[in-house]
Amino acid sequence: MELNRISDLKRLLESGTVGARELIEACIFGGKEFRIHPLGFVASTILVEKHFKARLHIWPKNGLTEQNSDCTIHDHVFQFTSWVLAGAVENIDYPDFSIGNSHVAYSTTYSGIKSVLTKTDAKYELGRAVRKTILQGQSYDVKAGCLHETRLVGDSGAVTLLITQDTGKANPTVIGSVSGEYKYEFERRAITIAELRKYLIGVC
């Protein structure tokens with residue numbers, strides 16, 4: 001398959017006629033770069049069209065080391081629809097978060113291939129958690145600025161494809177523990193195709 005236009009890719013996703021392995025092999029053939037993401041998956045931005053991007057996420061069978069397990073709740077500077085192409089994930093929304101004392105906000109900045117979380121003075125209560133499990137062939141939506149986290153379901157790994165649309169928000173916010181470190185840094189290093197294929201074992 002050829003990766004040329006986001007609209008064509010979206011049509012394939014909506015009709016269920018593109019598979020995880022087919023898409024990944026097309027990305028490898030097309031020379032796309034794959035990097036380790038601080039939330040514990042492999043990420044590749046495979047198409048960019050103005051304010052829209054197609055982002056491929058690969059969640060290895062046994063997971064990857066996260067930047068910090070207390071810093072998985074976050075928002076985005078974009079809105080997106082995510083399709084699950086293999087495995088299953090759980091999306092958890094926090095629609096009622098408010099000013100409080102149980103959690104603290106971290107600001108996110110970028111320096112080269114590093115992402116840096118810096119603790120702020122803003123503190124919050126998360127409120128209720130709205131959980132939804134998304135299976136292979138299903139999709140879910142997240143709006144820009146909405147706090148959420150995504151977790152791998154089961155131990156067989158997963159592959160998701162996001163179509164994102166940028167908004168005017170400057171940088172994402174991450175929610176962490178009030179007892180957490182002042183700063184966390186994570187190197188989003190590129191991986192080799194050999195590493196990628198190792199992470200794909202048992203996934204698709």
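This is a predicted model: local features need pLDDT of at least 70, side-chain atom pairs count only at pLDDT 80 or more; totals for chains, interfaces and linings use all residues.
Six of them form an open sheet, in the order 1-2-3-12-5-10, and the pairing is antiparallel. Strand 1 (35-36) and strand 10 (139-142) sit at the edges with a single partner strand each, so one side of each has no neighbour in the sheet. What holds such strands together? Strands of a sheet pair through backbone hydrogen bonds, which can be parallel or antiparallel.

Helix 2 (residues 20-29) lies across strand 2, strand 3, strand 5 (78-86) and strand 12 (158-166). Relative to strand 3, helix 2 runs at about 115°.

**The pockets**

Where does the model leave empty space? Rolling a probe the size of a water molecule over the atoms shows this.

| Pocket | Space | Lining by class |
|---|---|---|
| Largest pocket | About 1100 Å³ | 21 nonpolar, 18 polar and 10 charged residues |
| Second largest pocket | About 220 Å³ | 6 nonpolar, 5 polar and 4 charged residues |

Take the largest pocket, with its space of about 1100 Å³. It has 49 lining residues, and those closest to its centre are His 37, Phe 41, Arg 55, His 76 and Arg 188. Several strands supply at least two residues each to this lining, including strand 7 (98-111), strand 8 (114-125) and strand 12. Strand 11 (148-152) is on that list too, and with 5 residues strand 11 gives the most.

The second largest pocket holds about 220 Å³ of space. Of its 15 lining residues, Lys 10, Phe 52, Thr 81, Ile 163 and Gln 165 are the closest to the centre. Which element gives the largest share to the second largest pocket? That's strand 5, with 4 residues.

**A salt bridge in helix 1**

Across the whole structure, a search turns up 10 salt bridges. One to look for joins the side chains of Arg 11 and Asp 8, at 2.4 Å from N to O. These residues are 3 apart in helix 1, which means that about one helical turn separates them.

Methods
Residues are numbered from 1 along each chain as its sequence is written. Side-chain values use heavy atoms; hydrogens and water are left out. Two strands pair if DSSP finds at least two bridges between them. Contact means heavy atoms within 4.5 Å. Axes are lines fitted to C-alpha atoms, for helices over the stretch in contact, and angles run from 0 to 180 degrees between N-to-C directions. On a 1 Å grid over the protein atoms alone, a cavity is a set of points where a 1.4 Å probe fits but cannot get out, and a pocket is an open set with protein on both sides within 12 Å along at least five of seven lines; lining residues have an atom within 4 Å of a point. Grid points are joined across faces, edges and corners, and a volume is the space filled by probe spheres set on the points. Ala, Val, Leu, Ile, Met, Phe, Trp, Tyr, Cys and Pro count as nonpolar, Asp, Glu, Lys and Arg as charged, and the others, Gly among them, as polar. A salt bridge is a side-chain nitrogen of Lys or Arg within 4 Å of a carboxyl oxygen of Asp or Glu.
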